[in-house]
Amino acid sequence: MGKFNMPNLSKEGDIMIGGIFPIFNKEVPSTATFESKPNDVKCALFDLRAFRWTQVMIFAIEEINKDTRLLPNISLGYRILNSCSSPTNTLRAALTLANPPKEIEKTLGCPPSLSAVIGEAGSSQSLAVAGTLGPFQMPIVSYFSTCACLSNRAKYPTFFRTIPSDYFQAKALASLVKHFGWEWIGTVHSDNDYGRNGILAFTEEVKQFGVCIAFVGTVLRTYPLEKIVKVVEMIKQSTVKVILAFTPEGDFSPLMKEVLKQNITEIQWLASEAWITAPQPSTSEMYQAFGGALGFVVQKMAIPNLNPFLTNISPYTDPSAAFVKDFWEIIVGCKPVSPGFDTNTEKTKATCTGNETLMNSQDAFFNVTELRVSYNVYKAVYAIAHALHQLVFCKPVGEKAMRPCVNISDIQPKEVTYHLKSVYFINQFGDYVSFDENGDPPASYDIINWQLKNGQVQHVTLGHFASAENGDYKLSIQEDMIVWRSGITAPTSVCSNVCPKGKRKAQIKGKPTCCFDCIPCADGTIANSTGAADCTPCSLEYWSNERKDECIRKETEFLTYHEPMGIVLTALSLFGASLSLATLAIFIHWRETPVIKASNSELSCFLLFSLFLCFLCPLTFIGRPTVWTCMLRHTAFGVTFALCISCVLGKTIVVVTAFKATHPSSTIAGKFGPAQQRIIVCSCTLIQIVICILWLKFNPPFPDKVFRYGNKKIVLECNTGSEAAFYAVLGYIGLLAVICLVLAFLVRKLPDNFNEAKLITFSMLIFCAVWVTFVPAYVSSPGKFTVAVEIFAILSSAFGLLICIFAPKCYIILIMPEQNTRRHVMGKI
C-alpha cells in the first residue's frame, strides 16, 4: 500500500508507454567477501549504453507523435524507470509503473494508465516484469532479454521481444564451434536465468556434434572475489583452448579483470550477444587477454536524425530530469550548476561554466551508425505504436484512416496484446517487424570478431547466421577476413588428440566422451580413417595389415608342384609309376619262366597296371583344386586302389585254392580258373565304381576355401562333399585289404620254395598299417599337409605292394636266373 520513491523520465500523453532500463548497475566493493551483506551493494554505476536506450525510446515516441500517418492526432507519453539490473528493483519499477504517482493524480485528475511496457534488458528482470504484469494482460516488449524460457506462452502470454531467443543463439554458437572443429571447450555463465538457460540450450546443441564441456563456471557481478578466483583457477587447470562466456557485461566484468590480472592468454573466447560489443569489456586493456573473441550480435542499423537528438541532451533544458545530471558529468566531465542542482555535494569534479556543449563530442555514445540493442528499442516502440494504430483505427498504417474504432480512453492492455500478436509492418529502413506464436522475432545474427586498430578495439563483422529457405539455419563466414590475434592461429581444442589410422577410441571411465585413449585395432580389424570410434572387421577373405589401417587379401595355400614338398611327392609318384611299368615290362618279357607262371602272370600284370595308376593318382592332388580335379582325385584313388586290392584278392584266392587242391578229394581248384579270377577282379572293382558314381551324382567333391587353419591364409582344398561316401570308399578298400590279409595269413606256411601267400600277407600288413595310421593323421593335419598325408599314404601303400609282391620275383629273374626253374619254385631243390 506504500510507494517506491524512484526517479523517472516522464512525459504525459493520450496513451502512456512504460519503460524499464538498467540505467545504473550495482557496484560491488572491492573488499567484498562471503560475509558481505546485500546492503553493501550500491546502485551507483551509470551505464551510458542503457541511458542511450532510454533516449532512443524517447526519440521514437517523439518521432511517432510528429508522424501524420501513424496514430494521427494521438500523442504518446512515456514513463521510464531504472531497474539497476536487479530483479528486485525491476519488480519495484513494474509496480510503480502500474500505479501512477500521487502528484500526477492531483494535477491531472485521472491520468491514462499504461497501455504497454518496454523492458527489460536482463532475462531475470524480464521474468519479474512478465510474471508481475502478465496476469493483468499488460503487454511487455523486451529489447535485450534472450532467455528461451520467456518463449513459454502458457506462463508469459503477454511477453514479446525484438531480439531473437537464445534458442537460436545456442544453435548459432554450436554451428560456430562445429565450423572450427572445436571438441573440448569450457563454459562460463552468469548465475541467473539468462546464463543458466543459455548454457543449457548450447550444451544440448553441441552434444549433437560430439562436443564435450570440460567445465562450467558461474559468475555474477555481486559475487565476492573468492568465487571469481575459483573460476579463474578452473580455467588455468584445464586444457581447453576455447571458452564460451554466456553472461552480460556486468556479470562478466569481474572475471575479465581477474583473467587479465593473472595474465591468462592463449584462450579463444566465444561471447554471447550480451557482452561481445558492450563498451565496458571492449577496451585495449582487455584486448591483451580477450583479443580475437568471437560472438553473435543482432544486426546493426543506423537511425537518421538520432545524433542531433542525442547532442541536444542538456541538464539546463529540464533541471529536474532524472539521470541527465549523471550523464552530463560523465560525458562533459563537470558538474552542472543551476537552481535545480545541489551545490553542496561532493567536489570530486569541477563545476561547469554553463557554456559546455555536446555538438562536437567524439564519444562513442553519439555514434549512431552501428546501433544494435538501441535499434531493438526503436523497433519495440514502433511495434507498440502499430498495434495501437490497428486497435484505434481498425486499419494498418498506410490504408485510409476511418473513424476511431476504440476510444483511446477505453483502451485495455489485453487489446494491445491481441494486436501485437498479429502486428507486421515494414519500417522506414526496409526492415520488417513481426512476432511468431512465441512472441519472438525472426532469427538473424552477425558474427563479430575483436580486432585492434589504432589502439582501439574494433568489432569486425565476419559472417552471418540466419534462417535458410528449408527452415534450417545457415552459418556463413568470410574466412579471408579472420585475423587472429598474435599467438593464436585457429586453435585446436581437444581433450584427447584424434586417434590415427589403425587405432580406435577407448572411453576413459568417469570422463566425457571427448576424453579417450587410442587402442590399436585387434587382428583382423582395421580403422582406415582418423578418429574412428570402432574398428571395422575385414571380410572373410581379407586380413588386417601390420598398421591395422588396411585390409589385405589373405594368402592362398595349396600344395603346388614348385614347392619342395610338391617336388618330392611328384618325383616319388613318377618314380613309382616308372617302376611299375618297368616291372610290367619284365613280367611280359619273362612271362614264360616258371617264376612268372607260378605267380599267375595275368593277375600280376593287372596288379602292376593298377599300381601304375595308383602311383599317378597323387598328381591329381597337387596344384590348385578345381571342380574336375576334386572329383577325379578321390574317385580315381578309390577305383584304382579297389582294382589293385581286387587283383591281390584274386591272387590270394588262387593261392588258397592251390593249397586246398593238394587234397585228392578237393574240386575247388577247377572252380577258380582265369575266367573266375577276372570276374572277381571286375565285380570287386565294379562295386567301388558304383559307390563313386553315386557319390558324384548326389554330393560330389568340390573346391573349397578353408579359413580355420590360420588368420592370414586361405587353404584351398577339395571338400569331400559327402563324408559318408568318402569313408565308404576308404572302408571298402579296407574291407578288401582285410579279406586278403586273412586269406593270405591262413596259407602262409605253404611248403613251396616260392611262397606267394607270405608275400601277400606281408604286403597287406604294410597296407593296413599305412591306412590305419592315415585316418588320424589326415584328420589332424592342417592345410595343405592334409593333402600331403593322403599322397604319402597312397605312395606308401603302393610302394609296399610293389616291393613286397614283385621285388623277390624281379630279384630271381634278374639277379638269380638259375633259380628261375620249376624244380626250384616247387621246392624240390
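Predicted model: local features only at pLDDT ≥ 70, side-chain atom pairs only at ≥ 80, totals over all residues.
Among contacts in the protein chain between residues at least 6 apart in sequence, what share joins residues at least 24 apart? The share is 70%, where contact means heavy atoms within 4.5 Å.

Residues are numbered from 1 along each chain as its sequence is written, and side-chain values use heavy atoms, with hydrogens and water left out.

## Overall make-up

The protein chain holds 23 helices and 29 strands. These are DSSP runs numbered from the N terminus: helices are H or I with at least four residues, strands E with at least two. Of its 829 residues, 52% count as buried, that is, under 20% relative accessible area with a 1.4 Å probe, protein chains only. The accessible surface comes to about 38600 Å², by the Shrake-Rupley method with a 1.4 Å probe. Carbon and sulfur atoms account for 57% of that surface.

## The largest pocket

The largest pocket contains about 1100 Å³ of space. A pocket here is an open set of points on a 1 Å grid over the protein atoms alone, with protein on both sides within 12 Å along at least five of seven lines; lining residues have an atom within 4 Å of a point. Volume is the space filled by probe spheres set on the points, which are joined across faces, edges and corners.

The lining has 32 residues. R52, T277, P279, A364 and H459 lie nearest the centre. β4 (42–46), α1 (48–66), α12 (373–393) and β19 (456–467) each supply at least two lining residues. β19 gives the most, with six. By class, twelve are nonpolar, twelve polar and eight charged. Nonpolar covers Ala, Val, Leu, Ile, Met, Phe, Trp, Tyr, Cys and Pro; charged covers Asp, Glu, Lys and Arg; the others, Gly among them, are polar.

## Enclosed cavities

The whole structure has two cavities of 30 Å³ or more. In a cavity, a 1.4 Å probe fits but cannot get out. β29 (713–719) and α22 (784–814) each supply at least two of the lining residues, and β29 has the largest share, three. The lining divides into seven nonpolar, two polar and three charged residues.

The second largest cavity has a volume of about 40 Å³. R49, F144, E273, T277, V297, V298, R372 and V373 line it. Four of these are nonpolar, one is polar and three are charged.

## Aromatic pairs

The whole structure has 38 aromatic pairs. Rings of Phe, Tyr and Trp (its six-membered ring) pair if their centres lie within 6.5 Å; planes under 30 degrees apart are stacked, over 60 edge-to-face, the rest tilted. F51 and F327 are stacked, at 4.8 Å centre to centre and 25° between the planes. F51 sits in α1 and F327 in α11 (residues 324–332), 276 residues apart. Both are buried.

F296 and F465 have ring centres 6.2 Å apart and planes at 75°, so this pair is edge-to-face. F296 lies in β13 (residues 294–298) and F465 in β19, so the pair ties together parts 169 residues apart in sequence. F296 and F465 are buried too. Ring pairs also link F24, F46, F51, F323, F327, F365 and F366 into a cluster.

## A buried serine

S763 is found in helix α21 (residues 756–780). S763 is buried, with a relative accessible area of 1%. Leaving aside neighbours within four places in sequence, S763 contacts G800, L801, C804 and I805.

Technical notes: Buried < 20%, exposed > 50% of the residue type's maximum accessible area, 1.4 Å probe, protein only.
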